[in-house]
Amino acid sequence: MLELLSGFVAELRTAGVPVSMGEHVDAAHALSVIDLGDRDAMRLGLRAALVKRSDYQAAFDRTFALYFATRRTPDEIATTQTASAPESPETSTTPSERSASGSEMVQQIADAIASGNLRDQREMASLAVDRFAGIEAGRPVGAAYYLYRTMRQLRIDEVEAQLRSGHEVLSPLEQRIADEVVTDQLAQFREFVEGEIMEQLIEDRGVAEMVAASRTSMLEDIDVMQANRDELERLERALVPLSRKMAARLAQKRRRRRRGPLDMRRTMRESLSTGGVPIDVRFRPPHPTKPELVILADMSGSVASFARFTLLLVHALNNEFSKVRSFVFVDGVDEVTQFFDEDDPTVAADRIVSEANMIAADGHSDYGLAFTHFAARYLDALSPRATLLVLGDARSNYHPACADTFDALTRKVRRTYWLNPEPQSYWESGDSVLSQYATYCDDVFECRTLRQLEAFVMGLK
Amino acid sequence: MSAVDPRQELAARLGLSDAPRPSFTSPDALVSALAQHDYLASPEIGAITYLADRLAKPVLVEGPAGTGKTALAKAVADATGARLIRLQCYEGLDESKALYEWNYRKQLLRIQAASDDEASWDRLEGDIFSPDFLLTRPLLEAIRSTEPVVLLIDEIDRVELETEALLLEILSEYQVSIPELGTVKATQIPMVFLTSNATRELSEALKRRCLYLFVDYPSVQRERDIILQRVPGITSVLAQHVASVVYALRSMDLKKSPSVSETLDWARTLVILGKEELDDDFVVSTLHILLKHQSDIAKATRELRRTNGA
């Protein structure tokens, strides 16, 4: 068991969950008092001992599900696989009739889901996988493929329609709640199907390979430019809690960054209670400084998603800066600060794409032209107290860089930072003219992931 | 698997003659004991609290505000008949408020009252650094207590990163070192709960010493049961309905989702108003009990109305 645990801990570490030696020992202690027959108790116990951050819990659960996969016992497999086997009387009412036609199957699944009976649902899921997934031994296809295939063939959309239509006329509020319930139930069923597929794949390929194949990166390490739609959605959802956390930390940091000058009066008063001996020395609170930000973001296709994130994050942190003005450009420049007055930042970000007037010529990014336009129209946005933040890959499509215009801009502000969403090894390749601008920046950062973005914003002065 | 029981090991380190027995015999026993004190624990809460008791480890309870983190510690204290010692954390909390403080004034008085002769000075010096002149604060109090205690360190994320270090010794060794006196060891094994709203990342050193429990908003069923238990006179139909509405609200993207305590307030209001059923207009008109931001109320109203039109 201890060896198994060590292997599991090693696997967690590769999955990006940090586990210390002490936590490993705790987990071993935990195993000694947990009922090992109860898989869920084991999962909870190990998780409490090994994982100390809520955002790692999902990664833990995934790894656990694979590593300590439950093999179906032979007789369980028998009931689902031998179609002609006579059902025992008490299970004949459960929906594991193999002969069911497609539409009957839809009905049975819908019934199982509607009844809320998890055992029936699990059984239906395993039945559906046996029937539709068509898992072929040794074929290197991902679980996602089988999941898609099973869900489509069991006609999940019909199941959904049936579930949604199952109610008589409802008030709008009730309708909404009912919809919510159906969505959750379907998600649950989907999980069952996915779990079933995983189990069968493990039987086929063995644990080690499946664990290796299913390694996914942590949310904050996803490369924003490479992210697929699903990942982008997850990232966007993570932004609000992240910004809240960062705001609290920034405020805290600001309050105690420096002690102010000695407060003579309060020190004297304090010393009265100790017979005039100044035991506690008092300082004045430090003067808070909030940076002023001017953001200039490239919104052309290649880097738009990154710019969107940065704008969302910075505007969510609005209170932590004394002033934020945002501009977007492709080859023309437009101010977008006013869009963020709206209470919903994602709506604001969508409006930027549809309403901002950032194309002046042919719609390919042209940094030189954009800086020239900016200098002509918005020079008043820059002040000696401001920090200028440029977001972009500096790929100017071989247009003139106009580095001296950029130089003039940087002279107007206190600091200039360039955030580049490309990996550092790509800089300066092809039409990237980063180095021409970089000389005028105080610093240039590679900013591909949420983690890097967070670190940059936290360090901003 | 090693045969050494973690509790016995700790008891040996603390120099206790026999290890205090764990307060609960199984996770299920714990859940039902808490239920008798009006706390409905999910299986996860039950399993991890049991584990903490069994392993004599502190639990770090993290989760959004108003999900019953503090209530868990209170319920455990009630269920075990232990005294609850609570340390409310805030920014600027220091050693003298959390651990102990020498009573300067009393020491000064003692010095002034002493005679001036040289020989008595040594005695005096030993005297003023004795436990009589020590003001115990919650952490030391919990360690010195001879009866069973539950120590609740509330909202640990509010203190500065450096202040967390104060807790490390007590969390891993159940002892407090006072330079002038030596080490004070626990005479029993207290149950320790730390709560955090996750407004900041806690230090690795602290997390390593604790078990981790993430308490999220309850499921609809559990929230319904909580409402039924805590709000007298509510029908189960209405409780179910309340729980579903709150669940729907939480799934919206709001600044501040309604907490369990706000749900209970709302349910109580409904009972006082003699409502048997919820209708849309009524929900909208009492949203301010559940939601505390004007923009959230506007958004929720809009969402509810939008479904109305559909």
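How are α2(B) and α3(B) oriented to each other? They are roughly perpendicular, since the angle falls in the 65 to 115 degree class; under 35 counts as roughly parallel, over 145 as roughly antiparallel, and the rest as oblique. The views below show this pair and a few others.

This is a predicted model, in which local features need pLDDT of at least 70 and side-chain atom pairs count only at pLDDT 80 or more, while totals for chains, interfaces and linings use all residues. Residues are numbered from 1 along each chain as its sequence is written, chains are lettered from A and ligands numbered from 1 in the order in which they are written, and side-chain values use heavy atoms, with hydrogens and water left out.

**View 1. Confidence in chain B.** The predictor gives the complex an ipTM of 0.83 and a pTM of 0.70. Within chain B, helix α16 (residues 294-309) comes out lowest, at a mean of 74, and strand β1 (residues 59-62) highest, at 94. Helices (H or I, at least four residues) and strands (E, at least two) are DSSP runs, numbered from the N terminus.

**View 2. Helices α2 and α3 of chain B.** Here α2 (residues 27-36) packs on α3 (residues 43-55) at about 110°, with the axes 8 Å apart. Axes are lines fitted to C-alpha atoms, for helices over the stretch in contact, and angles run from 0 to 180 degrees between N-to-C directions. On the α2(B) side, look for B:P27, B:L30 and B:V31; on the α3(B) side, B:G46, B:A47, B:T49 and B:Y50. Contact means heavy atoms within 4.5 Å. Sorted by class, that gives 5 nonpolar, 2 polar and no charged residues. Ala, Val, Leu, Ile, Met, Phe, Trp, Tyr, Cys and Pro count as nonpolar, Asp, Glu, Lys and Arg as charged, and the others, Gly among them, as polar.

**View 3. Helices α2 and α3 of chain A.** In chain A, the axes of α2 (residues 21-33) and α3 (residues 39-50) come within 8 Å and cross at roughly 155°, so α2(A) is roughly antiparallel to α3(A). A:E23, A:H24, A:D26, A:A27 and A:L31 of α2(A) touch A:M42, A:L46, A:A49 and A:L50 of α3(A). The tally for this contact is 6 nonpolar, 1 polar and 2 charged residues.

**View 4. Helices α12 and α13 of chain B.** The axes of α12 (residues 236-251) and α13 (residues 260-272) come within 11 Å and cross at roughly 140°, which makes α12(B) oblique to α13(B). From α12(B), B:L238, B:V242, B:V245, B:V246 and B:R250 meet B:V260, B:T263, B:W266 and B:L270 of α13(B). They split into 7 nonpolar, 1 polar and 1 charged.

**View 5. The six-stranded sheet of chain A.** This open sheet runs β3-β2-β1-β4-β5-β6, with mixed pairing. Strands pair if DSSP finds at least two bridges between them. At the edges sit β3 (333-335) and β6 (443-446), each pairing on one side only. Strands β1 (residues 292-298) and β2 (residues 323-329) of chain A pair in the parallel sense over 7 bridges, and A:I295 has A:S326 in β2(A) as its bridge partner.

**View 6. The five-stranded sheet of chain B.** The order in this open sheet is β2-β5-β8-β1-β9, and the pairing is parallel. Since β2 (83-88) and β9 (211-214) have a single partner strand each, one side of each is left without a neighbour in the sheet. β1(B) and β9(B) share 4 bridges in the parallel sense, with B:V61 opposite B:L213 in β9(B).

Notes
pLDDT = per-residue confidence, 0-100.
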